[in-house]
Amino acid sequence: LLQYDGADGSAVLDTVVGLGGLDFSAGDALRFAASSDLDTSFFVTMCSTGGDCDTEIVDVVGNIGFQDFTIDFVNFNGVNFNSISAVEFDIDSNEAVDFNLDVISD
């Protein structure tokens with residue numbers, strides 16, 4: 001689990017205040033690179049300061065190195081990208097999965 005939601009010292013995702021309303025509107029997508037030694041999936045959740053959140057699922061093919069991924073902002077229903085409070089990456093895995101996330105940008 002990787003959360004960007006401000007320095008609140010909690011594992012609970014802060015969907016209201018969090019990052020204080022970062023403006024992602026200059027971009028059109030969330031871009032990142034990921035790798036895994038086994039086939040796996042992970043969930044990307046974006047939240048805006050009104051508490052509106054949506055989650056997209058990304059499948060990663062195992063054992064082929066880093067892969068580039070793009071999730072268009074229009075896929076996140078109801079999220080206001082003028083005022084982002086939180087971004088979360090949650091890996092759907094068991095203890096045997098070695099997962100790497102790199103180069104997160106909008």
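Which residues does Thr-49 touch, not counting residues up to four places away in sequence? The first legend answers this, after a short note on the model.

This is a predicted model, in which local features need pLDDT of at least 70 and side-chain atom pairs count only at pLDDT 80 or more, while totals for chains, interfaces and linings use all residues. Residues are numbered from 1 along each chain as its sequence is written, and side-chain values use heavy atoms, with hydrogens and water left out.

**View 1. Thr-49 and the residues it touches.**
Welcome to the first close-up. Thr-49 sits in the loop between strand S3 (40-48) and S4; strands here are DSSP runs of E with at least two residues, numbered from the N terminus. Leaving aside residues up to four places away in sequence, Thr-49 touches Thr-15, Val-16, Gly-20, Gly-21, Ser-83, Ile-84 and Ser-85, where contact means heavy atoms within 4.5 Å. With Ser-83 there is also a side-chain to side-chain polar contact of 2.7 Å. A polar contact is a pair of N or O atoms within 3.5 Å; within protein, one must be able to donate a hydrogen and the other to accept it, and residues adjacent in sequence count only if both atoms are side-chain atoms. Look for Gly-18 as well: Thr-49 and Gly-18 are 31 residues apart in sequence, and their C-alpha atoms are 7.7 Å apart in space. Thr-49 counts as partly exposed because its relative accessibility is 28%, on a scale where buried means under 20% relative accessible area, exposed over 50%, and partly exposed in between (1.4 Å probe, protein chains only).

Ser-41 has a relative accessible area of 17%, so it is buried. Its side chain makes a polar contact of 2.6 Å with the side chain of Asp-59. The residues that Ser-41 touches, again without those up to four places away in sequence, are Ile-57, Val-58, Asp-59, Ile-91 and Asp-92. Turning to Thr-45, a relative accessible area of 10% makes this residue buried. The side chain of Thr-45 is in polar contact with the side chain of Thr-55 at 2.8 Å. Apart from residues up to four places away in sequence, Thr-45 touches Leu-13, Cys-53, Asp-54, Thr-55, Ala-86, Val-87 and Glu-88.

The sulfur atoms of Cys-47 and Cys-53 lie 2.1 Å apart. The link is right-handed, with 115° about the S-S bond. Buried or exposed? Cys-47 has a relative accessible area of 0% and is therefore buried, whereas Cys-53, at 32% relative accessibility, counts as partly exposed.

**View 2. Strand S2 in an open sheet.**
Here, 3 strands form an open sheet in the order S5-S2-S7, with antiparallel pairing. S5 and S7 are the edge strands, each pairing on one side only. From one strand to the next, the twist averages 25°; axes are lines fitted to C-alpha atoms, for helices over the stretch in contact, and angles run from 0 to 180 degrees between N-to-C directions. Two strands pair if DSSP finds at least two bridges between them. S2 and strand S5 (residues 67-72) are joined by 6 bridges, and S2 and strand S7 (residues 99-105) by 5 bridges. Towards S5, Leu-30 stands opposite Ile-71 and Arg-31 has Thr-70 as its bridge partner. Towards S7, Ser-36 stands opposite Phe-99. Strand S2 (residues 29-36) is largely enclosed by the rest of the structure, because 7 of its 8 residues are buried.

**View 3. The salt bridge of Asp-28 and Arg-31.**
The structure holds 1 salt bridge, meaning a side-chain nitrogen of Lys or Arg within 4 Å of a carboxyl oxygen of Asp or Glu. Its partners are the side chains of Asp-28 and Arg-31, at 2.9 Å from N to O. Asp-28 is partly exposed at 48% relative accessibility, and Arg-31 is partly exposed at 32%.

**View 4. Asn-63 and its positive phi.**
Asn-63 lies in the loop between strand S4 (53-60) and S5. Most residues other than glycine have a negative phi. Asn-63, although not a glycine, has a positive phi of about 65°. With 66% relative accessibility, Asn-63 counts as exposed.

Technical notes: Helix = DSSP H or I, 4+ residues; strand = E, 2+ residues; numbered from the N terminus. Disulfide = S-S within 2.5 Å.
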